[in-house]
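Take a moment to look at the sequence and the 3D structure side by side. We will walk through them together, one topic at a time.

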Amino acid sequence: MDVLVIFIPLFPFIAAIIIGFGYFSSQVMGLRGELSSSDVARNAIYLSSVSAILLLIADLAGENSGSKMVGQWLDSGNFVVNLNFITTGFNVVVAALFSVILVIITVFSKNYVHYEPGFRRFFFVLSLFSSSMFLLILSGNAIGTFIGWELAGLCSYLLISYSYERPVAVINATRVFVTNRIGDTGFILGMALSFYFAGTVDWTSLNGMAETLSTPTVTVISLCFVVAAMAKSAQLPFSPWLARAMEGPTPSSAVFYGSVMIHSGVFLVILLQPIIDKAPFTMGLLVIVGLATAIYSYLVGLTQTDVKSSLCFAITGQLGLMFLECGLGLWELAMWHMCAHAIVRCFQVLTAPSLIKNVNGNPMKPASPFFTNRRWLYIASIQRFWLDPITDRTLVRPVYGLGHDLDRFDKNIIDRAMGDPVSSFTAISSLTQIENEARRKRVDEIQMEFVRGKGIVGKLLEWVANIMSWFEERLVLRGIGMDLVTIGRNLGHAANMFELLLLKPRYLVLFVFIVLMLAASI
Amino acid sequence: MGILSTLLLTPFLGILVLTLIPGGNTSQIRFIANSFATVAFLFSCWLVADYNQLYGEIQYYEQFIYNPAFNSAFALGVDGVSLPMIVLASLLTLIALLASFSIVHNVKSYYISVLLLELGMLGVFLSQDWSLFYIFWELTLIPLFILIARWGGVRRGAASINFVLYTMGGSIFMLISLMAISQYMPEHGGTLMADMTEAARSMPRNEQLWVLMGFLIGFGVKMPVFPLHGWLPLAHVEAPSPVSILLSGILLKMGAYGLIRVVVMLPEATLVFQPYLMFIALFGMIYGGVLAWRQSDLKAMVAYSSVSHMGIVLLGIATLNFTGITGAVLQMTAHGLVAGALFLLVGLLYERTHTRNILDYSSLVQVMPRFAFFMTITLFAAMGMPGTVGFVAEIHAVIGGYQQWGNLMLFLGLSILVSAAYAMRTVGMLFTGPVKPQMREIEDLKLYELTAAVILIAAIVLLGLWPTPLIDLSVATITQMNDFISQSIQ
C-alpha cells in the first residue's frame, strides 16, 4: 500500500494546476467558475484524504514497508537526493489528521469566501498549500520537506496579502515572510551540516546515524533545525509574526495558523527526535524557549480584546508547551498534544467569526487583580513586550539604512561612473542656483552695454578689459575664491557623513562580520 | 606706562565699557564708542606732535617680556613708517564710526567689533616683536569676519568665509617664514623685530629666498598683490560701508607695512625678486584699473581701484631706492585717505538710494551739491591729480621707478591713464546727464557725515598742496632703511 503515499500530495497539486491554468486562461470566470474551481479543490482534497486514511489503516495493519522510493531527483557526485516518502509512524498519522482538517476547511471556505473577488485565487493557494503540507509531512528527506516548508511559507504569504489592495495586509505579509526566512536559513544550514557531517539528507538514515555522531555535531545540526522550527511555530523571539498573520481571511487563519502549518515546527522537532535526544543543549534550549513563549503568550493573551488576537496568543502558548514537552523528553505527550491541539484550534478559529456575533453585548471579563495591580506588567502585556519595536530597532532599521546607503552609493558613484542616462547633475536643482544664474545673466547684459569703448584705443581697452574680466571671474574669483569655499564645504560634508556612518552600529556590525568571515576563510 | 600702551589701551577700555553697559540704549553706545575713538585719535595726534622727526630710530620704546621661555616680548614702538599709519588708523576708525549711524541692528556688538578691529590694527603698527605682530595680525580677522558676516550685503556669508580663508592661508606662510628665521636666532633670543632682522641677514642666501617668498604670500594676500586679490572684490562689496572704509583704508596697509619691514630685513633676497615684483606691481596696476573701469557696481569699482593703487606701493618698495620707498610710504597714507573717502561717500550714497549700480544714477549735482563736490575731489585724488595727496605719492614712485628701470614706467603712466578714464566717467555718470525722477528726492550730506567727509577731503587737499610735513615725518626712518638696504646689496 506504500504507493498511496504518492497520491496524497499529488491530488491537491493537480487541483492547483487545474485551477491555476483555468484562472490563467480565463476559463473559470463568474459564478460557474467559482463553483468549478471550488469543486476541483474539494474533490482533490477528498481524494488525498481518502488516500491518507487508507495509508494510515494500512500502516496500522502492518502492510507498509516504511518508505516508498519514487525516483532520484538529484545525483551530483556523492550528493544524492531521492524522491522518497515515509509511509509509517507519526508522519502518516499527522498526514491523515491534517487531510481531514483540510477537507473540513476547504468545504467551509466554499461558502465563506463566496462572491469574494479572490475566490479562485484562494482555492488555488489552498490546494497548493495542501499539497505542500503533505509533501512536508511525508517526504523522506530534508530536501523534500524543505520544498514543502517553503511552499507553505509562500502560500501563507499569498493568503495574508489576500486583500492586497490594503497596504497593511501587504506589509504584514512581507514581514511574516521575512521573519520566516530567518528560520529557513537555519533549515538550509541544517541540511548542509547534516550532509557535511552525516553524508545524507535522508530523515531515516540521519536519525539512524544519531548514535554514531559526536555530541557537538549533533548539537549544531539539531540547533539549526530547531531555529527553523522556532520560526515556523512562532516561538520567542519570532512570536510577533503570528499576530500579523491574522490579517488573512478566517479559513486561511484556521488552516495556517490555527491547526496545520503552525504545527510543522513542532512536527519537525518530533521528526528529529533521535537527533535531539542526543543533544542536551538543544533540549535545554527547547525547554527555555518553550517555557518563555508559554509565559509570554499567557501574559499577553490576558490583555487581548479581540477574538483573533487572543486565539493567536493561545496558539503560541500551547505550542510553547509542546516545545517544552519535547525539551523535557516527553515526546509521546507532545505528539498527542499536537494532534489534539490541531483539532481544537481548527474548530475555534473557524467559529471565531460567528462567536463574535453570538457573544455580542456580553460584558467582558476583567483581567485579574493580580495582573492589574502590577502596572508595569500590564503595560508590557498590552505592548506585547515591545518585541516588534525591538526587532525594528535592532534589525529592520539597520538593514534599511544599509540599503539606503548602498542606494546612494549606486546613484552617486556607480551611476555617475557608468554614465547615467538621466543626468540630474547638470540640471538646476535649487533656488539659489537659479538666482545665481539670473544674477550672472543680468550682470553680463549690463556689462555688455556699459563697457563699450569708442575709437581704436577704446576698442583696445574694451578688448583687454574683457579678457581680464574673464580671467578674474573664472580663475581669481570663482577658481580660487568660491570654488575653494565650495570644495572645503563639500569636503567637510563628506567628512561629516563618513563620521556619521562610522558611528552607526550597522557598519560596526558589518565590519565585525567581515572580519569574522575573513578569519573563518583563513 | 608709556604713551603707546595708553594708546593701545584706549580701544580696549572702550570695549570693556561697552560690554558692561546694557545693549538697549543705542545713542549711549554710539556716544561711548565715538568718545573712545576720539580719545585714541587725540593720542595719536599728540604722538605726531611730540615725535622727533630728525631721529629715525624706534621711539617711545616699551618692553615687557610676557613669555620668558621664548623671550617673547610685549614690545611697542613707533618710527617714521608706522606713525602715519597709526594716525591713519585712529582717524579712519573715527570716520567709520561717524558713518555708522545707519547701523541699527545689534548696535552694541557692532561697536565692540569695530573697537576690537581698531585695537588689532593699532597693535599691528605698534608692535616691535614679531610674535606680538602676528597675534595682532590675526586678531583683526575675528572682528572683520563678524562685521562682514553679520552686517554685510546679500552674499555676506561667502564674502566673510572667503576673506578669512584667504588671509589665514597667507598668514600660515608668514608664520612658517618667521619660524624659519627663528631657527637662526641664538638660544632664548626672543622674537624682537630688531633681533630677528639681524638673524635673517645671517641666513644662507637660498633660504632667504624661501623666507621672503613666504612673507610675500602672507603680506601679498592682505595688500593685495595681483594674483592673490580674490577675496578683495567680494569682501569690499559685501562689507557694510564703514567696514569697507577700514578694510580698504588701513587693513590693506598692514600688508604693505609688513612688506616694508621684511624688505629691510631681507634686502638681498628682495634684489633677486626685484624684476618679478616690478612686473607683478605694474601688471596688477593695469589689471586692477581695467577691471575697475569695467565695473558698473560703484563699490566694486572702488575695490578694484584699490588693487590698482596698492600696486604703486609694491612698485615703490620694489625699487629699493630712497625715492621709491618714500613713494610707497606716502602712497600708503594717500590711498588710506582716498579709499576711505571714496568708500565713505559711496556708502552714504548707497544708504540713500539702495543701489550701487552706476547706471541708475544721473544728474546728482542738482540734489546733492555738497556730495558732488567731495566725490569729485576724491575721484580726482584717486587718479592722481596734482594738488592732491595721491599726486605726491605717485610722482615719488614714478621717479624711483625711473631711476631703477627707466622707460618701463610708461606702463605706470598707462595705468594712471586708465584710472583717469574710470574716475572721469564716474564723475560724468553720477552728476551730469538727464534728470531721472527717482533721483529727485535724495537728501544731501548731514552734519556728521559732512564732518567726516570734510576731515578726509581737507587732509587729501592740504597734504597734496603742502606735503612737506608728511614727508618729513618719515624721511629720517626711510633714509636709515635705505642705508641699510644699499649697504647690504652692494
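Helices (H or I, at least four residues) and strands (E, at least two) are DSSP runs, numbered from the N terminus. With that in hand, you can find Pro224(B) in the loop between helix H9 (205–222) and helix H10 (231–238) of chain B. The peptide bond that leads from Met223(B) to Pro224(B) is cis, with omega near -10 degrees.

Before going further, a word on what you are looking at. This is a predicted model, in which local features need pLDDT of at least 70, side-chain atom pairs count only at pLDDT 80 or more, and totals for chains, interfaces and linings use all residues. Residues are numbered from 1 along each chain as its sequence is written, while chains are lettered from A and ligands numbered from 1 in the order in which they are written.

The model scores ipTM 0.73 and pTM 0.61. The predictor's confidence in each residue, from 0 to 100, is called pLDDT. In chain B its mean is 89, and 100% of the residues reach 70 or more.

Now turn to chain A, which has 21 helices and two strands. Of its 522 residues, 38% are buried. A residue is buried if 20 or more other C-beta atoms lie within 10 Å of its own, exposed if 12 or fewer, and partly exposed in between, with C-beta atoms placed from the backbone. Leu158(A), in helix H5 (residues 142–160) of chain A, counts as buried because it has 21 C-beta neighbours inside 10 Å.

How do helices of chain A pack? Axes are lines fitted to C-alpha atoms, for helices over the stretch in contact, and angles run from 0 to 180 degrees between N-to-C directions. Angles under 35 degrees count as roughly parallel, over 145 as roughly antiparallel, 65 to 115 as roughly perpendicular and the rest as oblique. Helix H11 (residues 264–271) and helix H14 (residues 307–328) of chain A pack at about 5 degrees, their axes 10 Å apart, so H11(A) and H14(A) are roughly parallel. Helix H3 (residues 90–112) and helix H10 (residues 250–259) of chain A pack at about 160 degrees, with axes 9 Å apart, and are therefore roughly antiparallel.

Finally, look for some backbone features in the loops of chain A. Most residues other than glycine have a negative phi, and most peptide bonds are trans. The bond from Leu236(A) to Pro237(A), however, is cis, with omega near 0 degrees. Pro237(A) sits in the loop between helix H8 (215–232) and helix H9 (240–245) of chain A. Another loop, between helix H17 (375–382) and helix H18 (387–418) of chain A, holds Phe385(A); Trp386(A) is also in the loop between H17 and H18. Phi is positive in Phe385(A), near 60 degrees, and in Trp386(A), near 55 degrees. Phe385(A) is partly exposed because 19 other C-beta atoms lie within 10 Å, and Trp386(A) counts as partly exposed with 13 C-beta neighbours inside 10 Å.
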